[in-house]
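Subject: Structure for you to look at

Hello,

I am passing on the structure we spoke about. Please look through it first; my notes follow below.

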Amino acid sequence: MTITPPQQRAAPATATRLVDLFQYGLDAPICLTWELTYACNLACAHCLSSSGRRDPRELSTAECKAVIDELEALQVFYVNIGGGEPTVRSDFWELVDYATAHHVGVKFSTNGVRITPQVARRLAANDYVDVQISLDGATAEVNDALRGPGSYEMAMRAMRNLADAGMRNFKLSVVCTRHNIPQIDAFKQIADTYGAQLRLTRLRPSGRGADVWDELHPTPDQQRQLYEWLLAHGEEVLTGDSFFHLSAYGQALPGLNLCGAGRVVCLIDPVGDVYACPFAIHEEFLAGNVRQPGGFAKVWRESPLFARLRKPQHGGACASCSCYDACKGGCMAAKFFTGLPLDGPDPECVHGHGEKLLARRPGDRSGIPRPSVDHSRRGPVPVKLTRRRPDRPPVSACDENPLAGLRLP
Amino acid sequence: MDNLRTTDGAAEEQTALTEEAAVESLIEEVSIDGMCGVY
Amino acid sequence: MPAIDLDRAWDLHPQVSVRPEPFGALLYHFGTRKLSFLKDRRLLAVLQALAQAPTARAACTAAGVDAGDLPAYRAALGALADSSMLVERTP
C-alpha cells in the first residue's frame, strides 16, 4: 500500500468557459426579445421601452410573419414577445400560433389585461407558449405606485385564471426596487400560490426608468440582501441573468454571467429596428432594421455595432480590479443611461466604484444620453379597468390610440 | 475518513475528478433564462 | 457520474433542436426548455451519427472518438440522457 504523492496526479483538463466561446460570435441569437407594439394600456413609471402610444410604422402581420420565418431558419430557439402590451395587437394570437407552428418557442410578457379564463385555457393547452406576468409589488400599494391604479388586481386576476386553467410554471416577473425588495418573500409566496415560477430582475435606467432610477434602485444594503436571497434560492428563482454584476460579491449566480447584448441576444422593436438589447433602446445601440434587404439575419451577422460588441472586452478602468473577471464591468445599458463611461464600473458596482463616479456627474443631468424614441403617452392616464369601452368600428393600423379595437371582457 | 488512502482509492477519486472535468469541457447546461438582455 | 449504456441504440429526442456552432453546438429541448452547450465538435459528430448507428459505441467510433476519451463521452451522453435530450431507440 503506497500513497500517491500529489505531484504525480494528473491535472484535470481545463474546461472552456462559455464566455470564451462567444468571442467567435454566433450565427444567430440563442433567444431574443421582440417588442410587438409600443401601445400599452398602462403607463408604468419605469418602462424600459417608454411605451404607451402605438407607432404608426409598426410591422404589419405579414412583416411579422416574415420575421418569424427568419427566426425559424436561423433556429432561434425562443422569443420573448413583449412591448408595450403585446396582447393589444389584434393579430397577437395569430402571430403566437404562427411562431409555435414554425419551431420558435414563445414566452410573452404581459400585464395581464387580456388573460381571461378562456385565454388561460388556451395557453394551458399549448406546450410551446409560456406566459410572464409583470408585477412590481407584493401589495397593491407598492405595485400600483409604479404601474398605476388597478394594475395589481389585473395581474392577480390573470394569475388566478392561469392557475385555474391548469397552467403550471408560468413566470411571475418582478423588477426589483427599493420599495419591493423588502417584499421578496411575499413575492415567492404569491408565485407559489399560483403555481408560478418567480423571476426577479434588475431595474435599469432605461426608457422612462432613467427618470426614476435614482430614487428607485436598490440601496447597497438591499443589493447585498437580494444577492444572498438569490443564492439561497438557487435555480428555483429565475433572474434572466440580470444580476451578473453581483458575482463580484463572490459566488456567481446561475446563468451565463455575461452581457448578452449583440452576442447571444438582441431586441427587435415594433418598427423593425434591431437594438443590441431591450435595455439599450438608443441610436447608439441601433444595429439596423429588419425591413432592410437581407432582413434580420443580415443585421445580426453584418452590423458593425454587433461586430464591435463581439470583440473581446478589456476592463478599461476596471482592468486592475480583482473582480473584473467575475462582473465583467457590469451592465452596458446601466452605465450608458446613467452617463457613466462604458469602460468603467457599473453604477451599482458592489465595491462602490460606480457610486463615486455617479456623485461626480453634473447636477443638471447634462451629458446623460436620452433616446430620441419615446412613445410615452402625453397627459394623465385614466386606468379604470372596470369601465366598458363603447363598441368601435374596425380601426387602421395607423391609429395611435393604444386601445384601438380592444374590447375588455 | 482516513487521512491515508490506498493507491487504488486515490486513483479512483482522481479518475472521477478527471472525468468530471472532461465532461465539463464537453458539455454545459444553462437555463434558457440564463442569458442577460431578455426581460 | 451519469453515463449511458453504450451498447444500446440511442436517438435525439424528437423535440430537441440541434444548432451547430463554430465551437460545437447548441441543443434546445422544446419540451423541457433546457439548453445545453456542446463545447466540442466531435461530440456533435457523435450525436449526428447516432441515428444511423446500431449503438452509441458505434456512433462514437464513427465520430473518431478514441478509446481513452470514451469514458468522458459516455458521461457526456449520460448527461444528455438525464436531461431527456437523448432517448433509447425503441425497436
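Which residues of chain A does UniProt list for "domain: Radical SAM core"? The unreviewed entry gives residues 26–236 of chain A for that domain. In the model, which is a predicted one, the span 26–236 of chain A is 41% helix and 18% strand.

On confidence, the model has an ipTM of 0.92 and a pTM of 0.88. For chain C, the mean pLDDT is 94, and 99% of the residues in chain C reach 70 or more.

Chain B has 39 residues, of which 28% are buried. Its secondary structure consists of 1 helix and 1 strand.

I also looked at where chain C meets chain A. The contact involves 13 residues from chain A and 11 residues from chain C. On the chain C side, the elements that contribute two or more residues are β2 (16–21) and β3 (24–29) of chain C. Of the elements there, β2(C) gives the most, with 3 residues. By type, the chain C residues that touch chain A comprise 6 nonpolar, 3 charged and 2 polar.

Regards

Methods: Residues numbered from 1 in each chain as written. Chains lettered and ligands numbered in written order. Predicted model: local features only at pLDDT ≥ 70, side-chain atom pairs only at ≥ 80, totals over all residues. pLDDT = per-residue confidence, 0-100. UniProt positions renumbered as here; feature names shortened; annotations may be inferred. Helix = DSSP H or I, 4+ residues; strand = E, 2+ residues; numbered from the N terminus. Buried ≥ 20, exposed ≤ 12 C-beta atoms within 10 Å, placed from the backbone. Contact = placed C-beta atoms within 7 Å. Nonpolar A, V, L, I, M, F, W, Y, C, P; charged D, E, K, R; others polar.
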